[in-house]
Amino acid sequence: MFNSELYIPRAAIIENIRELTYDTRLYRVRFKCNSKCNESSESDYKPGQFVQVSVLGAGEVPISICSSPTQKGYFELSVRNTGLVTGAIHALKKGDEIGIRGPYGNCFPIEQAVGRNLIFVGGGIGLAPLRSAIKFVLHKRSDYGSVQILYGSRSKEDIVFVDDLEQWGTSKQSIVYTTIDRPQPDWTGHTGVVTTLFDKIRRLTDSKVFICGPSIMIHFAIKELLDTGWAPDDIITTLERHMKCGVGKCGHCYLGGKYVCTDGPVFTYSQINALGVEV
Ligand SMILES: Cc1cc2nc3c(=O)[nH]c(=O)nc-3n(C[C@H](O)[C@H](O)[C@H](O)COP(=O)(O)OP(=O)(O)OC[C@H]3O[C@@H](n4cnc5c(N)ncnc54)[C@H](O)[C@@H]3O)c2cc1C
Ligand code: FES
């Protein structure tokens, strides 16, 4: 089980590490168990939530959980090495210990979208929290309508979760379109930013679109969707803000009267409009 104590990290062991790209790794993490530990109840998080990951002597960073809660016993985090703490995480080896606080934040409203057609739009490492939602939906496949996944990456070397994208695309459970920003040798797929895939979307009524990626991508994706008549309530995205406490106490993530760490990070476009912020 995750820890209900707001400020006390719980010890967890890195069970496995997999290279996703030259700067991003996938960590399979399991809590250190005591006699009270009940493995079957370990996955008490929801797709879209994040944890605060700490490394002794380095600090703490917010990282999205990228596995599905339907996966019991362990959870997964994908970490891009961008600085001090993420660099310290990358320096760890299989069997090493990290601290975990959380899960924090709200979640993608996936359970409220039962019966709807779903479109996931991911950019770069933004596929991480969406992966949790996609895996959850595919696990409960008959509860949902069509599932379309659009993923954009700067280059082919930057594509994360190559195996998952391939599996989702060939499984007939979902349709996957991947693009890279510019043409590259040996790349025969689509090129152009992720919004250039939008004309491939099979536009169905009763659809919800979930977007996660760099702010510039979110900006243009939402603009395009609004221009083509999508309702603000059916556009769901994440806002990334610098976070410290993760629990609505320090004010680092305060935005338009909300705390992104507790009221978000997931918002509908209607809610973002109401905050009076530009995305
Ligand atoms: C809710 C949430 C979920 C996230 N999920 C993931 C994930 O799944 N995988 C992943 O690799 N990264 C994720 N991030 C981003 C990750 O938290 C930052 O990359 C990390 O905090 C950088 O810390 P650092 O000490 O390694 O880098 P630093 O040396 O502190 O800085 C390196 C760069 O990271 C930026 N940065 C620093 N602190 C933060 C912060 N608290 N939030 C955002 N950016 C920051 C800085 O502006 C700078 O550009 C998430 C961030 C948030 C807010
Ligand atoms: S991170 Fe402290 S209030 Fe949100």
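This is a predicted model: local features need pLDDT of at least 70, side-chain atom pairs count only at pLDDT 80 or more; totals for chains, interfaces and linings use all residues.
Local features need pLDDT of at least 70 and side-chain atom pairs count only at pLDDT 80 or more, while totals for chains, interfaces and linings use all residues. Residues are numbered from 1 along each chain as its sequence is written, chains are lettered from A and ligands numbered from 1 in the order in which they are written, and side-chain values use heavy atoms, without hydrogens and water.

**Exercise 1.** State the strand order of the six-stranded sheet and find its edges.

Solution. 
- Helices (H or I, at least four residues) and strands (E, at least two) are DSSP runs, numbered from the N terminus; two strands pair if DSSP finds at least two bridges between them.
- The open sheet runs β4-β3-β6-β1-β2-β5, and its pairing is antiparallel.
- β4 (59-64) and β5 (75-80) each have a single partner strand, so one side of each lacks a neighbour in the sheet.
- Within this sheet, β1 (residues 10-19) and β2 (residues 24-31) pair over seven bridges in the antiparallel sense. Glu19 stands opposite Arg25 in β2.

**Exercise 2.** Describe the seven-stranded sheet and the helices α3 and α4 that lie across its strands.

Solution. 
- The order is β10-β9-β8-β7-β11-β12-β15, an open sheet with mixed pairing.
- The edges are β10 (190-191) and β15 (266-268), each with a single partner strand, so one side of each is left without a neighbour in the sheet.
- β11 (residues 207-212) pairs with β12 (residues 235-238) in the parallel sense over three bridges; Phe210 stands opposite Ile236 in β12.
- Contact means heavy atoms within 4.5 Å. Axes are lines fitted to C-alpha atoms, for helices over the stretch in contact, and angles run from 0 to 180 degrees between N-to-C directions.
- Helix α3 (residues 162-170) lies across β8 (147-153) and β9 (175-180), at about 140° to β9.
- Helix α4 (residues 215-227) lies across β7 (117-123), β11 and β12, at about 160° to β11.

**Exercise 3.** Which residues of α4 are buried, and what do they pack against?

Solution. 
- Buried means under 20% relative accessible area, exposed over 50%, partly exposed in between (1.4 Å probe, protein chains only).
- Met217, Ile218, Ala221, Ile222 and Leu225 of α4 are buried. They cover an arc of only 125° around the axis (taken from the directions from the helix axis to the C-beta atoms), which puts them on the same side of α4.
- These buried residues pack against β7, β11, β12 and α6 (269-275).
- The face turned away from the buried side carries the exposed residues Ser215, Ile216 and Asp227.
- Gly229, with a positive phi near 95°, follows α4.
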